[in-house]
Amino acid sequence: MADKPVRVLLVVGETAGGIGRHVALLAEHLGRYGVAAAVCGPGSALAAVGDPPGVGKALLDTARGRPDVVLSSRRRLCKLARGFEVVHAHGLRAGAVAAARPAHMPLVVTWHNAPLVGGLTGRLHSLLERYVARSASLTLGASADLTAAAVRAGARTASTTFVVAPPLAPATRSRADVRAELGAGSQPVVLAVGRLQAQKRFDVLVAAAGRWVGGEADPIVVIAGDGPDDAQLRAEIDRTTAPVRLLGARADVADLLRAADVVALPSVWEARSLVAQEAMRAGVPLVTTPVGALPELVGDGGLFVPVGDAQALGDALDRVLAEPDLAARLGSQGKARSAGWPTVERAVEELAATYRDLIGRRR
């Protein structure tokens, strides 16, 4: 008789992008390794997760709010967790709510993002880190610096995990068709993908693009994504007349990668950046910053420039576009490097084994 599936409740906080896709990947694939998963979180997170076959979903507010809302969310989590054997939270706020699970139940918390704040907000974030780190049975950091931060905050057991980018849906249009839609003509295309927020530093990319006046040989920049900085970026594009187009949220990233000559990722911090993984798998040269886990992830598969340096970013993009041999080498090295990353199957199988180990220790 087959072993009874391990039941795991995945808790996710407010997200519109990568974390939701990661949780959806786990929920969909864990069943192959004897783990029955369900997902709870706010409406935005459940929308990002989608509808993996056979995976239950429940609403749970994990956002910052009034103390009574937080307490209500923790009570609801405790009820939702009944019947499960492990709770796995993604993100600190989700971890703070999930810490209310029944006392006997192992809690795994994955830290996906680093704090980019100071002052009072930074101090409050440090308190949140301490509470979540000390509440978790196991902390998983999406990068080595996050794991180190969790250890400093008092995590009982912590290790670094490789957050695998879900495979993109295959491209459905030709390079020529996508470039025609973008209005690129014969111009090189610089692609950026991500949420329009301060962490991504797309303002630096707009500033770098200001050197290109829109001639037939000059690049155009297209940014796929939406977010709180949309209006600010549009105003800066209008002010500088930089050849930058904001495409909004897109579901055809594979098509955009097919049309791109280089990918720009000027972030102030990243863990296992999904777009970096996607670009390297596709063999598209990458220009990025040496922050978080990017040096380890990218290695010789990209060029690195200092954070916030528009001149250096523009110079590096110009170099890739002007030197076909360099572009080809970066694309080839990125593709080769990506072949050595953990597969989805390996990552999920190891996580399933981790759940079983935690249950065994508890018993």
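At 0% relative accessibility, S267 counts as buried, a class defined as under 20% relative accessible area, with exposed meaning over 50% and partly exposed in between (1.4 Å probe, protein chains only). The model is predicted, so local features need pLDDT of at least 70 and side-chain atom pairs count only at pLDDT 80 or more, whereas totals for chains, interfaces and linings use all residues. Residues are numbered from 1 along each chain as its sequence is written, and side-chain values use heavy atoms, with hydrogens and water left out.

**Exercise 1.** Locate S267 and describe its surroundings.

*Solution.* Step 1: S267 lies in the loop between β11 (262-265) and α11 (274-282); helices (H or I, at least four residues) and strands (E, at least two) are DSSP runs, numbered from the N terminus. Step 2: leaving aside residues up to four places away in sequence, S267 touches Q199, K200, R201, T289, V291 and V307, where contact means heavy atoms within 4.5 Å. Step 3: the side chain of S267 makes a polar contact with the side chain of E270 at 2.7 Å. A polar contact is a pair of N or O atoms within 3.5 Å; within protein, one must be able to donate a hydrogen and the other to accept it, and residues adjacent in sequence count only if both atoms are side-chain atoms.

**Exercise 2.** Determine whether E270 is buried or exposed, and identify its contacts.

*Solution.* Step 1: E270 is found in the loop between β11 and α11. Step 2: its relative accessible area is 5%, so E270 is buried. Step 3: a polar contact of 2.6 Å joins the side chains of E270 and K200. Step 4: not counting residues up to four places away in sequence, E270 touches Q199, K200, L265, V291, G292, A293 and L294. Step 5: the C-alpha atoms of E270 and N113 are separated by 7.5 Å, although these residues are 157 apart along the chain.

**Exercise 3.** Describe the seven-stranded sheet and explain why one side of each edge strand lacks a neighbour.

*Solution.* Step 1: the strands of this open sheet follow the order β3-β2-β1-β4-β5-β6-β7, with parallel pairing. Step 2: β3 (56-59) and β7 (158-160) each have a single partner strand, so one side of each is left without a neighbour in the sheet. Step 3: the twist averages 20° from one strand to the next. Step 4: helix α1 (residues 18-29) packs on the sheet and touches β1 (6-12), β2 (35-41) and β4 (86-90), its direction making about 170° with that of β1. Step 5: helix α5 (residues 119-135) lies across β5 (107-111) and β6, at about 140° to β5.

Terms used: Two strands pair if DSSP finds at least two bridges between them. Axes are lines fitted to C-alpha atoms, for helices over the stretch in contact, and angles run from 0 to 180 degrees between N-to-C directions.
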